[in-house]
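Subject: Structure handover

Hello,

Here is the structure for your set. My notes on it follow below.

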Amino acid sequence: MANSLRGEVLNLYKNLLYLGREYPKGADYFRSRLKTAFLKNKDVKDPEKIKQLIARGEFVIKELEALYYLRKYRAMKQRYYEDDNK
């Protein structure tokens with residue numbers, strides 16, 4: 001049980017690290033915050049608590065993806081449509 005959760009946590013960390021490359025404040029900022037968040041919870045032993053933290057991390061992944069898609073959409077919209085406020 002512990003090994004499967006460990007694998008999930010490592011996979012979550014890798015995915016977040018990968019997504020952090022495009023973070024608006026910079027990859028170094030994101031990496032340091034990510035490392036701090038994971039180190040803060042390194043002593044958690046309860047499997048249920050670990051599962052909750054993994055679920056929270058997956059939620060953060062979805063939020064980051066939404067942020068990136070929104071940024072991409074805004075850039076595309078800005079390129080192809082004129083600004084009506086001018």
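The chain exposes about 7600 Å², and carbon and sulfur atoms supply 52% of that area. Accessible areas come from the Shrake-Rupley method with a 1.4 Å probe, and for residues only the protein chains shown count as cover.

Some ground rules. This is a predicted model, where local features need pLDDT of at least 70 and side-chain atom pairs count only at pLDDT 80 or more, while totals for chains, interfaces and linings use all residues. Residues are numbered from 1 along each chain as its sequence is written, and side-chain values use heavy atoms, with hydrogens and water left out.

Overall fold. The chain has three helices and zero strands. Helices (H or I, at least four residues) and strands (E, at least two) are DSSP runs, numbered from the N terminus. The radius of gyration is 17 Å, well over the 12 Å that the globule rule gives for 86 residues, so the chain is more spread out than a compact globule. That radius is taken over C-alpha atoms; the rule is 2.2 Å times the number of residues to the power 0.38. The C-alpha atoms fill a box of roughly 60 × 20 × 15 Å along the principal axes.

Of the 86 residues, 15% count as buried. The classes are buried (under 20% relative accessible area), exposed (over 50%) and partly exposed in between, with a 1.4 Å probe and protein chains only. Among contacts (heavy atoms within 4.5 Å) with a separation of 6 or more, 69% come from residues 24 or more positions apart.

Salt bridges. The count is two, each needing a side-chain nitrogen of Lys or Arg within 4 Å of a carboxyl oxygen of Asp or Glu.

- Glu22 pairs with Arg71, with the closest N and O atoms 3.8 Å apart. Glu22 lies in the loop between helix H1 (2-19) and helix H2 (27-40) and Arg71 in helix H3, so the pair ties together parts that are 49 residues apart in sequence. Glu22 is partly exposed at 44%, and Arg71 is partly exposed at 38%.
- Arg31 meets Asp28 at 2.8 Å, N to O. Both lie in helix H2, three residues apart, about one turn of the helix. Arg31 is partly exposed at 41%; Asp28 is exposed at 57%.

Surface patch. Met76, Tyr80 and Tyr81 form a nonpolar patch with about 410 Å² of accessible area together. Patch residues have over 30% relative accessible area and no salt bridge; nonpolar side chains (Val, Leu, Ile, Met, Phe, Trp, Tyr) are joined within 5 Å, like charges within 9 Å. Tyr81 sits in the segment after helix H3 (47-80) and counts as exposed at 62% relative accessibility.

Best regards
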